[in-house]
Amino acid sequence: HIKNPGWQYFLAILLIYGIGYPIGHTAVIGIFSKIVGRRPQGVLLGWFASAGSLARMFFPVMSGYISSYAGVDKLFGVLCLILIVSVGFVFVFRRTLHFLSA
């Protein structure tokens, strides 16, 4: 049984939530606001924030169930699949996104 030091996890969480999340979240909200354009943004940004909140509740629970019942390897596969599908959506709709953000 391999034991990892706790400081590595603490440092990773600090870097993710202290640096990565604020930069990424600010960029995504800016891009979303630019795509929405001159239309009323309040409701759409509210839906966007709600979807993000639901994802922050759903994905940790889903990850816990998958890792408990199927193992960490399957969890990694599911997360890779979600990432590939997300990148696929961006690739398929890149012209629309470019047009909306111009």
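**View 1. Tyr 65 and Tyr 69 in helix α2.** Tyr 65 and Tyr 69 both lie in helix α2, four residues apart, which is about one turn of the helix; helices here are DSSP runs (H or I, at least four residues), numbered from the N terminus. In this predicted model, local features need pLDDT of at least 70 and side-chain atom pairs count only at pLDDT 80 or more, whereas totals for chains, interfaces and linings use all residues. Residues are numbered from 1 along each chain as its sequence is written, and side-chain values use heavy atoms, with hydrogens and water left out. Both tyrosines, Tyr 65 and Tyr 69, are exposed (over 50% relative accessible area; buried is under 20% and partly exposed in between, with a 1.4 Å probe and protein chains only).

**View 2. Aromatic pairs.** The structure holds five aromatic pairs (ring centres within 6.5 Å; planes under 30 degrees apart are stacked, over 60 edge-to-face, the rest tilted). Among them, Phe 58 and Phe 59 have ring centres 5.6 Å apart and planes at 70°, so this pair is edge-to-face, and Phe 59 is partly exposed, with a relative accessible area of 30%. Tyr 65 and Tyr 69 form a stacked pair, with 6.1 Å centre to centre and 10° between the planes.

**View 3. Lys 34 in helix α1.** Lys 34 is found in helix α1 and counts as exposed because its relative accessibility is 53%. The C-alpha atoms of Lys 34 and Leu 15, which are 19 residues apart along the chain, are separated by 28 Å.

Definitions and conventions:
Helix = DSSP H or I, 4+ residues; strand = E, 2+ residues; numbered from the N terminus. Phe/Tyr/Trp six-rings, centres within 6.5 Å; stacked < 30°, edge-to-face > 60°.
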